Amino acid sequence: MAKTIQAIRGMNDCLPTDSPLWQKVEGTVKQVIGAYGYSEVRMPIVEQTHLFSRAIGEVTDVVEKEMYTFEDRNGDSLTLRPEGTAGCVRAGIENGLLYNQEQRLWYMGPMFRHERPQKGRYRQFHQVGVEVFGLNGPDVDAELIMMTARLWRELGIAEHVRLELNSIGSLEARANYRDALVTYLEQYEDVLDDDCKRRMYTNPLRVLDSKNPDVQAILGDAPKLSSFLDEESVQHFSGLCELLDSAGIEYQVNERLVRGLDYYNRTVFEWITESLGAQGTVCGGGRYDGLVEQLGGKATPAVGFAMGLERLVLLLDTLGLTDVRRNVDVYLVTAGEGTMMAGMKLAEHLRETSPSLRIMTHFGGGNFKKQFKRADKVGAAVALVLGENEVAENTVVVKDLKGGEQKTVAQTDIVAQLIELV
Ligand code: ATP
Ligand code: MG
């Protein structure tokens, strides 16, 4: 036998046993986002490398060490998208969607980061992203957070996620803070690890979310970003907090929450669960009012978030919230001359009149026992049985696969019977 070929590490198959839960999550996400009137956009999975280095920032984890970058046959440097915001902004500018306009957009799809694979962290993973352009008030920030809160309620996980919130202010306020932070950190060069030392001059705010306990210890007395915030950002943030309070959404202000990508300003937030260990952030987002201009468009306020679908699916799984719609409602069993053709016709008729029914036809023959066994295996609730007598009399046997009862009914009455049992 030839050697089998395996998938790439950190890139997973979604198998028939997994897909119903995925469909539930994706379906709920679409329904909730749709309830706010947002429109779907679909962008390519591959973009020019410098889109990401310019948008996300040269000295972020993603650009420094996580991108799948390659040369195509023309020698151009391309990258598998590590996130969706950059491509969404690129598409918006390129297609004239952002110029003096308001857009409320969402997308769903695979993202790629070369990270160490572990539970909740993969190299191909899936995000749903929502991005709003052209609106600068805290009301939009609040709506996005309310949208995510609604999604958690719909998925039944609201009790298992909490919201952390911060404001990182304007670019100028950050620049002032950055100077103060660097001056402070310089006294502790001997405590900082290599990563932090490097970051201290390239991206010092990232030192704030260092996981190193020694670094966290010295940060206790570091200057606080909140005391450097510009007045407008302070107003924006208190406006947001007020809206969340009146919507009954609980949050914790985490002054050290800065998020990993360079493009954020003002509002940043994360939804975190304690149920998934270290990979506990299920959703993160914030404002990025400077990005559109930075990528060549006209200055346009923007705010968005992205959530990781693998982590949501894992969370539902961990909490046992795996009740999903079955793939097959009705299993069609036939035996005898001419019954297959009559059965397939009957099934087509049912699909016509009741499009939401899921009807699977048994193929490959075999006795009733074998066919009922298959029906059980695929999880059908009902079997429809057609033998030669039934075909001759235009009837069908409806068998309740859970209760076991069966009755013969006229083919014309079948829909009513099925509705009761499915
Ligand atoms: P983390 O701190 O866990 O690395 P991040 O800040 O890099 O997350 P974002 O870039 O904000 O993540 O992406 C938004 C969401 O996408 C995350 O909150 C998470 O749910 C999900 N996500 C990010 N990277 C991965 C990955 N490698 N595998 C699975 N999900 C991921
Ligand atoms: Mg990351």
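This is a predicted model: local features need pLDDT of at least 70, side-chain atom pairs count only at pLDDT 80 or more; totals for chains, interfaces and linings use all residues.
Residues are numbered from 1 along each chain as its sequence is written, and side-chain values use heavy atoms, with hydrogens and water left out. Local features need pLDDT of at least 70, side-chain atom pairs count only at pLDDT 80 or more, and totals for chains, interfaces and linings use all residues.

Start with Asp-141 in helix 5 (residues 138–155); helices are DSSP runs of H or I of at least four residues and strands are E runs of at least two, numbered from the N terminus. Asp-141 is buried, at 1% relative accessibility (buried is under 20% relative accessible area, exposed over 50%, partly exposed in between, with a 1.4 Å probe and protein chains only). Show residues with heavy atoms within 4.5 Å, the limit for contact: beyond neighbours within four places in sequence, Asp-141 touches His-236, Leu-240, Thr-267, Arg-287 and Val-303.

Next, select the aromatic rings, where there are eight pairs. Rings of Phe, Tyr and Trp (its six-membered ring) pair if their centres lie within 6.5 Å; planes under 30 degrees apart are stacked, over 60 edge-to-face and the rest tilted. Trp-152 and Trp-271 are edge-to-face, 5.8 Å centre to centre with 75 degrees between the planes. Trp-152 is in helix 5 and Trp-271 in strand 9 (residues 265–272), so this pair ties together parts 119 residues apart in sequence. Both Trp-152 and Trp-271 are buried.

Move to Tyr-177 and Phe-228, also an edge-to-face pair, at 5.4 Å and 65 degrees. Tyr-177 is buried at 1% relative accessible area, whereas Phe-228 is partly exposed at 27%.

Finish with Phe-133, Tyr-263, Tyr-264 and Tyr-288, which form one aromatic cluster.

Conventions. Chains are lettered from A and ligands numbered from 1 in the order in which they are written.
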